[in-house]
Amino acid sequence: VATIPENALCANPDTPGQQSLIVTRLQETDLPTKIDFSYQSPMRNFHKATQKLQLVNSKLAENPIAVSTTLAFDDTHARRITETLLYESWIYRESLNCTLPLMCLPLDPGDMVQITARILSYQARLTELSVGNNWIHEAHAVVFEPTIFEGFTAVPGHLLAVEEAEGLGRG
């Protein structure tokens with residue numbers, strides 16, 4: 001995790017008056033409440049199958065998203081992908097746009113960074129980087145909260161296999 005202090009963030013000379021860090025948070029009404037994930041199912045002779053997941057007890061208007069792929073997944077794996085798509089869209093609702101100096105040149109999309117600004121600390125995953133004039137990086141990142149996955153339990157049936165594999169190593 002690369003740490004970037006507030007004094008390392010710089011304003012872009014190409015865009016006068018721009019803040020060094022812009023934090024954007026999507027409203028609940030803009031986030032999906034239902035996901036339909038279509039895939040090829042080997043259990044159905046590779047015909048199209050769909051997993052659907054909707055937030056329960058949501059008082060928000062239905063905001064469906066349809067995701068389709070030609071890849072083949074078993075139904076359990078497709079269900080886990082559907083759950084991940086829905087939950088991560090809510091988890092990653094906060095994004096950062098900033099301008100990084102030359103010292104951040106080795107960073108790539110997918111890298112984790114910790115940006116400290118305005119007495120707050122954001123742990124984020126870079127999603128886009130573009131190099132502009134004077135080797136200044138325009139960066140876009142989604143705020144990532146690693147504690148959100150604490151206490152995560154695997155899909156029933158898969159947990160036993162994980163515990164057995166761990167037990168084999170304890171010997």
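Leu105 sits in the loop between S6 and S7, strands being DSSP runs of E with at least two residues and helices runs of H or I with at least four, both numbered from the N terminus. This is a predicted model, in which local features need pLDDT of at least 70 and side-chain atom pairs count only at pLDDT 80 or more, while totals for chains, interfaces and linings use all residues. Residues are numbered from 1 along each chain as its sequence is written, and side-chain values use heavy atoms, with hydrogens and water left out.

With a relative accessibility of 39%, Leu105 counts as partly exposed, a class that lies between buried (under 20% relative accessible area) and exposed (over 50%), with a 1.4 Å probe and protein chains only. Together with Leu102, Val131 and Trp135, Leu105 forms a nonpolar patch on the surface, and the four have about 400 Å² of accessible area together. Such areas come from the Shrake-Rupley method with a 1.4 Å probe, and for residues only the protein chains shown count as cover. Patches are made of residues with over 30% relative accessible area and no salt bridge, like charges being joined within 9 Å and nonpolar side chains (Val, Leu, Ile, Met, Phe, Trp, Tyr) within 5 Å.

Leaving aside neighbours within four places in sequence, Ile4 is in contact (heavy atoms within 4.5 Å) with Leu9, Leu100, Cys104, Leu107, Val113, Gln114, Ile115 and Thr116.

## Salt bridges

Side chains of opposite charge can pair when their charged atoms come close. The model has three salt bridges, each defined by a side-chain nitrogen of Lys or Arg within 4 Å of a carboxyl oxygen of Asp or Glu. In one of them Glu28 pairs with Arg93, the closest N and O atoms being 3.0 Å apart; Glu28 lies in the loop between strand S2 (21-25) and strand S3 (34-41) and Arg93 in the loop between helix H1 (75-91) and S6, so the pair ties together parts that are 65 residues apart in sequence. Glu28 is partly exposed, at 33% relative accessible area, whereas Arg93 is buried, at 10%.

Asp75 forms a salt bridge with Arg44, with 3.3 Å between the closest N and O atoms, and this pair links distant parts of the chain, 31 residues apart, with Asp75 in helix H1 and Arg44 in the loop between S3 and strand S4 (47-54). Arg79 and Glu83 meet in a salt bridge at 3.8 Å, N to O; being four residues apart in helix H1, the two are separated by about one helical turn.

Lys34, which lies in strand S3, counts as buried at 18% relative accessibility. Beyond residues up to four places away in sequence, Lys34 touches Leu53, Gln54, Glu62, Asn63, Pro64, Ile65 and Leu86.
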